[in-house]
Amino acid sequence: MSDHNKVKITKMDYSKDRAKAKNPLKIMDLSLRDGHQSLFATKGRTEDMIPVAEMMDEVGFWAVETWGGATFDTMHRFLNEDPWERIRTLKKYFKKTPFTMLLRAQNLVGYRNYADDVARAFVDRAAANGIDVFRTFDALNDFRNFETVVPVIKECGKHFQGCICYSMTEPRMGGDVYNLDYYINKAKELEKIGADSVCIKDMAGLIAPYDAYAIVKALKAAVSVPVHLHSHFTSGMADMALLKAIEAGVDIIDTCLSPYAYRTSHPAVEPFVMALLGTNRDTGFDIKLLGAISEILERDVLPKYKHLLNDKKMSIIDINVLLHQTSGGMLSNLVNQLREMDALDRINEVYAELPKVRKDLGQVPLVTPASQIIGVQTVNNVVFDDENEQYRMITDQVKDLCYGLYGKTTVPIKPEVMEKVLKGYSRGEKPITCRPAEVLEPELEKAKEDVKGLAVDMDDVLIYALYPVTGKRFLKWKYGKEEPPLEVKPKTLEDVKTEQDLIEKALAGELVKKSEKKAPPKGENLRTFNVFVDDEYFEIGVEEPGGSPVVSYVQQMPASASVPVIPSAAPAPPRPAAASVSPPIKKSAPAVRKKSDTDGTPLTAPMPGMIISYEKKIGDSVKKGEPVVILEAMKMENALPSPAAGTIKAINFSAGDSVAKGDVLCVIE
Ligand code: CO
């Protein structure tokens, strides 16, 4: 930093009353949304945000991000919390700091484009419940997907922050796709459609410090609205990138309170406060107040979440981001998918194939859901393609992408791939060029009708409209029509203590295997924990009949027991190898593995998953290669082709059944 950037300091002063800087750096805190989403799979509960809320309100943040992204999904699905209630509750404690939400444009807080009527109602309700800043992005940077939500944000008198997803095709910014001009043009486009601020959203931590400098410098010259930088620490470059951005004149940066910082999360706020102290970008924040907040979080909150942290490795940075430009979340999804297919040894082929698939499919930014779509298709190509045929197993989401349902890809999709993918596609073989939501029928009235008698207000209806299956289940919990399962209950500090004691006992060999004796009847307060000791795991029931928790039973589970995968918005942390405790996992009833009693050609499941539907009935005739079963795996739908021509002789499962790899789904004769 050159000398004239410095403010002359007469007294080094920590206090918040110190001389105000000329151009203080503004900071948005992400601890209560992206922070716990990045580190703990979005499992943070509202009750654990309250203890520090009033103190956070005193810091002087430009805004705090409290909602959006995966919070809506995770809260109603896993935490039995009403997502709308979180905004209202936190608002009681944050009296002056504005709230930000991350809005996935027409995807809202879900994973597909919703119809315009749902999008309008959602933004309207988010504003009414207390969201002040709508940080809006589209995975493809196709701003036509902003056209419905932005006017509503404006009508509600709220701040529209337009995001550009940061992406690269080269090891550094440049090349002929994601170069400086790309970002400048996108920023100008955003300003033109009314952005109150422009944000570079670097979700994978890819931005290198000198590229951050160049972009911020260029954007400050190109647009007149404030420039904001969002970068994840994942690769280890984010602190440097933010500092260079500050030197280039960035207006706002994103950080977390230190207990929620680093790893795949964000840089911590405290070092920035100190680094800028006494300069013309001094934040003015009270470092002692920040310290006091962290202390409370460390003592009273974070012990409840520590088990969700992936701390298998010593390193807190992920070098794969530097090597392959894949984010930690994307990488763990790829690994999970390969593991389910017994193909973990092929990860290097996946790395090699990934840029090819991405290029074929239009060089889209690798951000949810595009990163998932590209990742899953890449694994499918590696596992199922052969020298004669590429793209043998195409997911429905790739079909939607090629059709244009997500928007316009950054570069055109390879024509041969497009043709193959859209062959026989239900919406048509010719892709659309209009704004995607224009082909969607209104959805709100039907949603209202579907939950008549259950939903009380529009907020309820929207929970259902966005997440029909889990949303409806949540509404039943909310209104006492169904008992919520124990695993959605919060974890207490006493639970943490109990588990730690159990782990110690397990490691000391003091846990006894289940004897032949019949177990005593289990009480209604029983909670179960899964304790993993290397490859063995124990299911432990703990009862709290009033006093301190007592271990009620310990059952050793088969060493090779496969744990069903619960679909989760954010990647679930890999199962710990050493002793640790994971929250109880709901076991789905094992599907009946029917042996086929007929001769014929079986269609077997190429991977574990859930049956979405059978496209044929018994007795129907099929051509070879015609889709017979829709199987969902890794949240992507796969149309499984018939291995032979003939007649459907047997169908062994039904919609909703979970199947294992190799299960015979149907038989063709
Ligand atoms: Co982020």
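Of the 669 residues in the chain, 55% are buried, where buried denotes under 20% relative accessible area, exposed over 50%, and partly exposed the range in between (1.4 Å probe, protein chains only). The model is predicted, with local features requiring pLDDT of at least 70 and side-chain atom pairs counted only at pLDDT 80 or more, while totals for chains, interfaces and linings use all residues. Residues are numbered from 1 along each chain as its sequence is written, and side-chain values use heavy atoms, with hydrogens and water left out.

The secondary structure comprises 21 helices and 20 strands; helices (H or I, at least four residues) and strands (E, at least two) are DSSP runs numbered from the N terminus. Among contacts (heavy atoms within 4.5 Å) with a separation of 6 or more, 72% involve residues 24 or more positions apart.

A cobalt ion is coordinated by Asp-34 (OD), His-230 (NE2) and His-232 (NE2), at 2.0 to 2.2 Å. Donors are N, O and S atoms within 2.8 Å of the metal (3.2 Å for Na, K and Ca), and the site may look incomplete because water is not among the atoms. The donor residues follow the sequence spacing D-x195-H-x1-H. Asp-34 belongs to helix H1 (residues 31-40) and His-230 to strand E7 (residues 227-231), so this pair ties together parts that are 196 residues apart in sequence. Both Asp-34 and His-230 are buried.

Strand E7 also takes part in parallel pairing, being joined to E8 over 2 bridges; two strands are taken to pair if DSSP finds at least two bridges between them. Within this pairing, Leu-229 has Ile-253 of E8 as its bridge partner. Between E7 and E8 the chain passes through helix H9 (residues 238-247), and the resulting β-α-β crossover is right-handed, that is, with the strands pointing away from the viewer, the path from the first strand over the helix to the second runs clockwise. Strand E1 (residues 26-29) likewise pairs with E8 in the parallel sense, over 4 bridges, and Ile-253 in E8 is the bridge partner of Ile-27. Along strand E8 (residues 252-255), Ile-252 and Asp-254 point one way and Ile-253 and Thr-255 the other, and all are buried.

The largest nonpolar core contains 114 residues, with Phe-61, Phe-122 and Leu-466 having the most contacts inside it. Such a core is a set of buried Ala, Val, Leu, Ile, Met, Phe, Trp, Tyr and Cys residues joined through side-chain atoms within 4.5 Å. Residues touched by Phe-61, not counting those up to four places away in sequence, include Ile-27, Asp-29, Leu-257 and Phe-285.

Helix H19 (residues 458-466) is mostly covered, 8 of its 9 residues being buried.

An open sheet is formed by 4 strands in the order E17-E16-E14-E19, with antiparallel pairing. Its edge strands, each pairing on one side only, are strand E17 (636-641) and strand E19 (658-659). Strand E14 (residues 609-614) is joined to E19 by 2 bridges, and Ser-658 in E19 is the bridge partner of Met-610.
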